[in-house]
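User: I would like to go through the packing of this protein. Please show the sequence and structure before we start.

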Amino acid sequence: MKILRTIPEIRAAAVVAARTSHRTVGLVPTMGAFHEGHLSLMREARKNNDLVVVSLFVNPTQFAANEDLSTYPRDEARDAALAEAEGVDILFAPEPAEIYPDGFATTVHVAGITEVLDGASRGIHHFDGVATVVTKLFGIVRPDVAYFGQKDAQQMLVVRRVVHDLNLDVRIESCPIVREPDGLAMSSRNVYLDPDARAQATALSRALDAAHARHDAGERDAAAIRAAAIAVLEEAGITPEYLELRDAETLAPVATTERDTLIAVAARVGAARLIDNHTLRGEA
Ligand code: AMP
């Protein structure tokens, strides 16, 4: 596995070479601190492409001033070993100045779906940062396929919107959420949890399971399903930043779960801000 840090290097040495020999390129964008969720994306990319590129870039523009950019877990040597073990060909690990050189002045802004859930909670800069860096990575690596986790369900919709609206020639693949045995969604931020908070954090997936169970039992009233999830959080002493049911495609608010519905939650648990979601399958 090669570790490359500059745009000319990755373009010339790897991606152009792959394209001219008609090999397919799969890209897995990440911020590092790898866990099984990241590795599942790499495995999917490895299975289906000739050349696998993993980007490792803690993107400063998607963090707000009061968020955890400076403390975000970083261990490039460990990440490189894990990626290599998955058969990744290239780890693209640029410095911030490589991605945002002096004079950088462009922002990719997606309207509408970025204004709710994490967009409302973290601020509009968050998805502007995500959309801009992902667009840049697509321009730099020019992948045939890019792999994202359903863990970040709203991010997935934002990326799909960018690709559709800007006619980008890349296919987006969605990979299922990888969980700890007790249900907690894997996240680089789980390392912030002390033992008490770690135990408390299972309430997020349990709340989503409770909502899912109500839906599976035939309940279609969004408020009733939401109440079942809120009750689990309350019992665990968690007040969420949000817990909402929204149309799984448009993120519009819903009164019923007749169409596919995303139930998404964000909450501070101990020192971590955690997110999780389920999709409730509708009949329509
Ligand atoms: P991050 O490094 O947190 O930006 O995540 C990089 C990619 O891994 C994103 O597409 C995430 O959605 C995905 N990802 C993060 N956690 C999980 C998980 N538990 N299961 C599946 N994919 C995940």
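User: Which residues does Ile10 touch, not counting residues up to four places away in sequence?

Analyst: This is a predicted model, in which local features need pLDDT of at least 70 and side-chain atom pairs count only at pLDDT 80 or more, while totals for chains, interfaces and linings use all residues. Residues are numbered from 1 along each chain as its sequence is written, and side-chain values use heavy atoms, with hydrogens and water left out. Contact here means heavy atoms within 4.5 Å. With residues up to four places away in sequence left aside, Ile10 touches Leu4, Val15, Val53, Ile90, Phe92, Ile140 and Val141.

User: How many residues does another core, apart from it, hold?

Analyst: A nonpolar core is a set of buried (under 20% relative accessible area, 1.4 Å probe, protein chains only) Ala, Val, Leu, Ile, Met, Phe, Trp, Tyr and Cys residues joined through side-chain atoms within 4.5 Å. Leu233, Val265, Ala272 and Leu280 are among the members of this other core. Its size is 25 residues.

User: Is His35 buried or exposed?

Analyst: His35 lies in the loop between β2 (25-30) and α2 (36-48); helices (H or I, at least four residues) and strands (E, at least two) are DSSP runs, numbered from the N terminus. Because its relative accessibility is 18%, His35 counts as buried.

User: Which residues does His35 touch, not counting residues up to four places away in sequence?

Analyst: The side chain of His35 also reaches the backbone nitrogen of Gly37 at 2.9 Å. Beyond four places in sequence, His35 touches Met186, Ser187 and Ser188.

Key:
Buried means under 20% relative accessible area, exposed over 50%, partly exposed in between (1.4 Å probe, protein chains only). A polar contact is a pair of N or O atoms within 3.5 Å; within protein, one must be able to donate a hydrogen and the other to accept it, and residues adjacent in sequence count only if both atoms are side-chain atoms.
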